[in-house]
Amino acid sequence: MAELRVAALGPLRVERAGEPVPLGPRLSVLLSVLLIEAGNAVPADRLVDVLWDPPVSPGAAATLRSHLSNLRRALRSAGDPDGVVRTVGAGVRVGYRLDLPDEHVDVRRFERGYATGRSLLAAGGRDVEEAARLIGAALALWRGPAYADVADRPFARAETARLYSLRRAARRSHAEALLVLGRQEEALADLDAAVVEEPYDEGLRRLLALALYAERRVDEAAEVCRSGVALLRERGLEAPELEDLHLSVLRRSVPALPSGPAAAALASPALLPPDPPWFVGRRAELAEARRLLLRGAGPAPAPILVVTGPAAVGKTSFAIRLGHDLAAEFPDGQLHVDLRGFDPAGAAVAASEVLREFLDALGVAPQRLPDSLGARVGLYRGLLADRRMLVVLDNALDAEQVRPLLPGGAGCGVLVTSRRQLSGLLIADGAQPLLLDLLSVAESTELLARRLGSERLAAEPGAVGDIVDRCARLPLALAIVAARAVTRPGFSLEVLATELRESRGSLDAFDGGDAGADVRAVLSWSYDLLSESAARLFRQLGHAPGAGFGMAAAASLAGLPVREARPLLAELTNAHLVTEHRPGRFTFHDLLRAYSVELASALDSLDGRQAAVRRVVGHYLHSAYVACRRLDENREVAPSDLEEGVTPVEPADRQGALVWFGVEHSALVATVERAFDAGLDVATGELASALETYFDYRGHWCDWVGTQQVALCAAVRSADRPRQAQAHRRLGNAYTQAGRLDDARIHYRRASALYRELGDRVSEAHTHRGHGWVLIQQGRVRESLRHNRRALALYREVDHRAGQAMALNNIGWLYGQLGDHEAALLHCQRAVDLNREVGDRHAEAGAWDSLGCVHHELGRYDLAADCFDRALALVRGFGDRYNEVDILGHLGRTRQAAGDPGAAIDTWQRALALGQKTDHPAVPQLQAWLKEL
């Protein structure tokens, strides 16, 4: 019974020791009835009525007993020979009861987790964080409608309704906890989905409005309230609380969300992976590591511990376990990164990229991220100077890779793992070494016992000893053998030991002096059991760019539909050849990736390997173009034809596109490099182009510049002058946003010359307009006006109306700067009208903003405020926080000039709060204006 688990929050699922237990339709209904009764005896005659519609045949009672016998047999386990279905009473009063511990039934775990979390939420204070965790974990148990297989049956309706109500309440409580903790973005993601599913739930709508208001998205918060009130009234229902909140939102008088110690604690990063469940032994090493990392603080730099040892000895698991053990000693959090120093593709992670991830975790806005490695190091060390934080640098290649990542203060601790000695750190940086040797025989046996049970090992001690020897006491090898034994319970351990003895070979590229460590034999052992299709997919996965990949990327590598790739990935996951570290996201251990690449080189043709690379590049390219169009529907995009076998991801809307870009950010940047290395010059430029809008909206200037530089190299290599011109122009755009204005002008000039030579009037006009924007920032207004007039003339030559609208807006704004307000009004109004005609709402927002600035200069403050409000409504729909700050700043000036300092202060405070989140350059000016009032 201890191994049996039943899940009913979705289609009925039964597992024993992680393996599914198949049940037919009748047994599924029978088990559902017993589950719903929650441990109460169900009379036999009621079970008969449930299983058979009237009229019931005379033999139904005997058939029921047969079904019960089959159910007992299916649910019986070695530890409970009588099964979990108990007979209660006798004769005509006989009944049946399901006896399972609450922790083995997902419905009971959900109820318990929610009840405990709700109590902690009511207690408040530091308990709120635990409340959020518990309720979130409880909600994560849901896989679909409760008792989905029988939800329409009369016996299940009351229970499914009860659970449905509890789930709604739990979602509200979870959102409340997240809001208290200041985690508005997480709450918004949950609440958006919840309100779509439950549009009439007043409580959910109220929480969504509060979360939007806390994010300064006031207009959206008001709309959630207004539409909710209207929807409920259509059903004849009143919503007084929602109406009151609507008024408070409109008056900007919503009370601040509660906060407390729990919210403050969340500012600390917690990047450590989960504590490894099968970790054994290492007690002496853990104690020594603890002593070295917790030496007394003083003027010396942060203590550095370098954990070394042979490949697959368990250095990563040791570091993660130690990190969790030390969490209380480093209260400001933990940073963790896999440096991939021994990646078979040679793709060790650069210190600059690690610092980008660390600074992001520490709350540094992308726009504040310095370009140079030295500047990033300085910012990173400054942030950690007075903090007690543990930095875990796993799988380091050498001292030079690690050194920029060392914090300077004495309060932090640094834990490095590597297959090398890293003598440079020991000599120059005062690091302390700790050698992690092979597991002892006792520890190796304990690891096997944790997975297989002591009874199974005790029955075949000789085979156990042979397995330990053949695995060289390496945790990875032992874990794979144990997984094989678990999934093959009918195999004796002697059979497994014999297969190991007969295997020959080693991972040459990863021997590291590990004499006798026959890891390839163990890996091949798992690989050889795969189906032909899964084996082929495993080999192709070594070509995946980046550290992780999604389901569609894997399908594209294989050239298969997702429906066919999904079971193959499940087969690989079950064989422990890939890991699903997040739902739908997969990764490799570096030895497994090495094995994949090695097999592909040996077994797959060069043409086949190149085709897999083309397909995965095609996957990211076409997915990025769809996502780009979701962000900017007017973006001119024309990717190469979709190659056969490629499965792109197609985000449904703007928010979905932003989420997809965020998840795949690192893989997308890596794919640009991979496409270039594979000689796919056209795809390199197209993918770099598709990433522009995302990088621009989110302020990832460094990645924007980097990918466009690769695109330029690809265009030069292929002597493709149109793409060279395009890359120069886009580099100009990226450098402009990054504040490198002189570099931007260099590339704009080169792009203009190429476009003139090519006769591409539209692109030449785009370039003049971009060049003009640089000149505006440099204060060279008349030069900028000349460039924008030239752009307008070129757009008119080819009747490019969207371009004309943007050039008109720029010209109008520039006339305003020169004091010719009538000309400014004329041009900006034309820009507004033309943008409406072509349907470019984002450009229309910019034109309304410019028009508002002109009305402000003319003293027409009511007209100016109306223009700014129109612009704000548009940019908020795009999630364009950068321009929202600018427009709010302009609106505040207008309200001040109109004699309403209170409204000006409120507007500037909103702009400042948003600007500080995005590290907007207008922040100092906003602070100065607020100080003056």
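**Cavities, a helix and a sheet**

Guide: About 60 Å³ is the volume of the largest cavity. This is a predicted model, in which local features need pLDDT of at least 70 and side-chain atom pairs count only at pLDDT 80 or more, while totals for chains, interfaces and linings use all residues. Residues are numbered from 1 along each chain as its sequence is written, and side-chain values use heavy atoms, with hydrogens and water left out.

Visitor: What makes a space a cavity?

Guide: On a 1 Å grid over the protein atoms alone, a cavity is a set of points where a 1.4 Å probe fits but cannot get out; lining residues have an atom within 4 Å of a point. The volume is the space filled by probe spheres set on the points, which are joined across faces, edges and corners. The structure holds two cavities of 30 Å³ or more.

Visitor: Which residues line the largest cavity?

Guide: Among them are Asp681, Gln708, Arg723 and Arg730. Helices H30 (681-690), H32 (701-717) and H33 (721-737) each supply at least two lining residues; a helix here is a DSSP run of H or I with at least four residues, and a strand a run of E with at least two, numbered from the N terminus.

Visitor: What classes of residue line the second largest cavity?

Guide: Ala, Val, Leu, Ile, Met, Phe, Trp, Tyr, Cys and Pro count as nonpolar, Asp, Glu, Lys and Arg as charged, and the others, Gly among them, as polar. The lining consists of Leu448, Leu452, Val464, Ile467, Val481 and Leu493, so it has six nonpolar, no polar and no charged residues.

Visitor: Why is H1 called largely enclosed?

Guide: Buried means under 20% relative accessible area (exposed is over 50%, partly exposed in between, with a 1.4 Å probe and protein chains only). Ten of the twelve residues of H1 are buried, so the rest of the structure largely encloses this helix. Leu27, Val29 and Ile36 are among the buried ones.

Visitor: Why are S12 and S13 called edge strands?

Guide: Two strands pair if DSSP finds at least two bridges between them. The open sheet runs S12-S14-S13 with antiparallel pairing. Strands S12 (548-550) and S13 (579-582) each pair on one side only, and are therefore the edges. Two bridges join S13 to S14 (residues 585-587).

How values were computed:
On a 1 Å grid over the protein atoms alone, a cavity is a set of points where a 1.4 Å probe fits but cannot get out, and a pocket is an open set with protein on both sides within 12 Å along at least five of seven lines; lining residues have an atom within 4 Å of a point.
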